[in-house]
Structures are given as structure tokens and as C-alpha cells.
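Please keep the sequence and the model in view while reading.

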Amino acid sequence: MSAPPNLLQAFEREFGHLPRLIARAPGRVNLLGEHVDYSDGWVLPVAIDRCAWLAASPSQSTEVSIHALDLGESIAFDLKGLEDKLDLAGEDLPAWALYPAGVAWALRHAGHALTGMQCVLTSDVPIGSGLSSSAAIEVAFATAWQALADWQVPPMALAQLCQHAENDYVGVQCGLMDQFCSLHGIRDHALCFDTRTHEWECVPLPAEVSLVIADSGVRRRLGGSAYNQRRAACEQAARLLSERLPNVRALRDVTPSELQEHEQALPPSLRPIAEHVVSECKRVRLGAEVLKAGDAASFGKLMFEGHASLRDLYEVSSPELDALVEIASGIPGCLGARLTGAGFGGCTINLVEAAEASAFVDRLAAEYQRKMDREAMVWISRAVDGAGLVPVSR
Ligand code: GLA
């Protein structure tokens, strides 16, 4: 993939020279395994051809100057004052700038040398849409800093540093899936990732199916706080179950039959939460097997089941996402559909027979418009390689 042409132009306009490097970091869709990565579960994400792009050069000082091309905003902060979350003028950093500042903070904490930086950021991963726009930005900055300051850590360690930034600087208690996927993506493959052991394998996507993303047009509501509450609920459920099942460290360790047997250990409000996680973990393991066998139809059924579980048990869907899934299920060639990412708005991912994909795109958009009186962006996506540097060339 080559960088958007306006990125270099903008860098030259802002800083008067060509950048030293360009980093690319993809967003992702998750095919199965939603809201289980903070319960040590298994996930099945795919890095997609929507990316964050960062053109960057080292600066002579400890200042980081970022021009956010899509927002038309510039911000500068000092690597020496990261704890304060302030810009050079002493104002609070805007929300988007907490991601790069958080990455710098996490890298510094881990003892990595950093350079000041002049950079321009652009991204076509829609913000707050469940496609991992935040992780793409974090990973683009981490990739750039690693190259500019001339050190290297394994991609899994870099993913964990980005997660640390989001957890402890930005304040969203996310799991590792998004950062992992942005760094490890493999063209035409899904990644089956065990978020406890960090073991993973890639699974080829069957050639006869397409991945279709549908953006409901509704941005995530209640983002961080509802997400953090879900995570806390999972941890509480695991704690309570571990009093009866001593081997349980996280909900991933609980089998469906154990949950049924020990349900009384949980207050009623936590039962559906635990049921979602336990059943979703089972779906991912089964899903990885059927996908390896090239059985896209069975995989699609698991996606529909996953959506129902997120809607009814975990309660992170929205009327718009439910409408997209329901409409999709009635369109010829659709094998599976579900919300993807954190939910509360954002996108659905649809598994569609390739021959039917473009008709599916048109029909889903038209029926959604009719039913919800809203416009959905619907497009066919591709699985791409994970983050890296691309040549600086006009
Ligand atoms: C967000 C988080 C991930 C994961 C998903 C839900 O994308 O960043 O870690 O928890 O939500 O599966």
C-alpha cells in the first residue's frame, strides 16, 4: 500500500522538507471473539486496508509537533512533561493527542530512547467506529519512534506498550487485540490469537468469501466508561467463580457447564455477562476450526450467534447495529454478520459470498436507509499486512 499523496505535501508545507520516514498501521475488524480479550480469551481479528499514516522526522529538541491532517489541527508537547498531559502553551492536550503522548509516555517508562519529532498524521480508519482507529494511531507512532530512535523490540512487546498507553495514560482498559492485530496482520488471513499465552496462528480467509464492513454512521456512545464497566464486571465474575473453582483466573477458564453449575455464585446482573464471555470463547475456538477447514457457512452461523450474544447478554449493541445485522441476514449470499469492536455504535462485519458482494453492498445500504432513515457506509474490505515503514517517495 502506498501513502496518501496529500501526506507528503502536507509534511513539506508544515515543516519545509521531506519526512525521514512514513509509518503505516492498519485498523482491524474482529470476525469473532468480542469483549473476551480482557478475560484472557481467544480472538479472530483481521488487519484491514484502512490505516493510520504518519510522516515523521526527528527534531533537534525534545518537542513533538503533530499536524493532524484530517482535523486541520496542530499540537505540540514536550517529551519532558508527559505526565502533565499539557501542550507547550500549558493547555490540556486534546483527546486525540493523548494517544501519541501516551505512546511516548509508555515507551519512556519502558526505558526506550525517544527523539523529538515533527510529524503529520492522517487516517482513513473512521474514529469511534469499532475499527480500532486508536490502536492504529498508537501503533503508527510506536513504529515511527522505534525507527527514528534506532531501537527494536518484538512486535508483541510493542503492542503491549501501546496497550499500556491506552490503559494507563488515556484511561481505557482495553485488551491487547487491536494493537496485536495492527502489528501482526497478514495479507488474506485472519489471526487466531490467544490473549493469555500470546500464542497465535494465521488462518487463510476462504477465497470465495468477501469481508464487507458496514458503518452504521453512529459513533460510539459512552465509549470508555461503559467499556471499563464491562471489564470490571468480568473481573468480578471471575473472582466470584474462583471461590468455587480455584483454577479460574479469568472467565476464559470457565467452561459452559461449569458456569451453569455455579451460576448461583454470581449476582443476577453478572450472569449474562459471564455467559457471553464463556460462550464467545467457545465460539472462537470452534470458529477457528471451521475456518481452517474452509467452512465459511458454519463460520457465518457463529457470527450471527455472536451478535445475538453481544446484543442480548452483553448489551453492547445498538438499534442501528441490530438493524444492519437483521437486514444483512436476509440478503442473498450473506453467510454471517455481527457488530465488530467494542459496540455502542460503529460497524458491523459481514461475511458474504464473493460473487454476491457488490450486490450485497448496494442492498444493505439501501435497505438501511429505508429502515433507519440514516446513511450507512458499506464497503468490501481486504486483509492486509501489519504495521511497518513505507518508502518516502513522491
Ligand atoms: C475494543 C478494545 C479491544 C476489545 C474490543 C472488544 O476494540 O480495544 O481490546 O476489547 O473493544 O472486543
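Across the interface of domain 1 and domain 2, the rule for such pairs finds four salt bridges. The model is a predicted one, and a search of the whole structure finds 16 salt bridges.

- The domain assignment of the protein chain gives domain 1, which covers residues 5-203, and domain 2, which covers residues 209-381.
- When the centres are taken over C-alpha atoms, domain 1 and domain 2 are separated by 25 Å.
- Contact between the two involves 39 residues of domain 1 and 43 residues of domain 2, and together the domains bury about 3,500 Å² between them, with 62% of that area on carbon and sulfur atoms.
- On the side of domain 1, the residues that lose the most area to domain 2 are Leu32, His35 and Trp42, which together account for 21% of what that side buries.

**Two salt bridges**

- Arginine 28 and aspartate 178 form a salt bridge in which the closest N and O atoms are 2.8 Å apart.
- Because arginine 28 belongs to strand β1 (residues 21-30) and aspartate 178 to helix α5, this pair ties together parts that lie 150 residues apart in sequence.
- Another salt bridge joins the side chains of glutamate 201 and lysine 292, with a distance of 2.9 Å from N to O.

**The largest pocket**

- The largest pocket has a volume of about 740 Å³, and 39 residues line it, of which Tyr99, Gly128, Ser133, Ser134 and Arg220 lie nearest its centre.
- Two or more residues of this lining come from each of the elements β6 (116-123), α3 (133-148), α4 (155-170), α5 (177-184) and α6 (223-242), and α3 gives the largest share, which is four residues.
- By residue type, the lining of the largest pocket divides into 19 nonpolar, 12 polar and eight charged residues.
- Both domains take part in the lining of the largest pocket, since at least three residues are drawn from each of domain 1 (5-203) and domain 2 (209-381).

**The second largest pocket**

- The second largest pocket has a volume of about 190 Å³, and its lining includes Trp42, Cys192, Phe193, Asp194, Thr197 and Glu199, along with Trp200, Glu201, Arg285, Ala288, Glu289 and Lys292.
- Trp42, in this lining, is also one of the residues of domain 1 that lose the most area to domain 2, while Glu201 and Lys292, likewise in the lining, are the partners in the 2.9 Å salt bridge.
- At least two residues of the lining are supplied by each of β7 (189-194), β8 (200-204) and α8 (271-292), and the largest share, four residues, comes from α8.
- The lining of the second largest pocket divides into five nonpolar residues, one polar residue and six charged residues.

Technical notes
Residues numbered from 1 in each chain as written. Predicted model: local features only at pLDDT ≥ 70, side-chain atom pairs only at ≥ 80, totals over all residues. Heavy atoms only, no water. 1 Å grid on protein atoms, 1.4 Å probe; cavity = no way out; pocket = protein on both sides within 12 Å on 5 of 7 lines; lining within 4 Å. Points joined across faces, edges and corners; volume = space filled by probe spheres on them. Nonpolar A, V, L, I, M, F, W, Y, C, P; charged D, E, K, R; others polar. Domains from an automatic or database assignment. Contact = heavy atoms within 4.5 Å. Buried area = accessible area lost by both parts, 1.4 Å probe.
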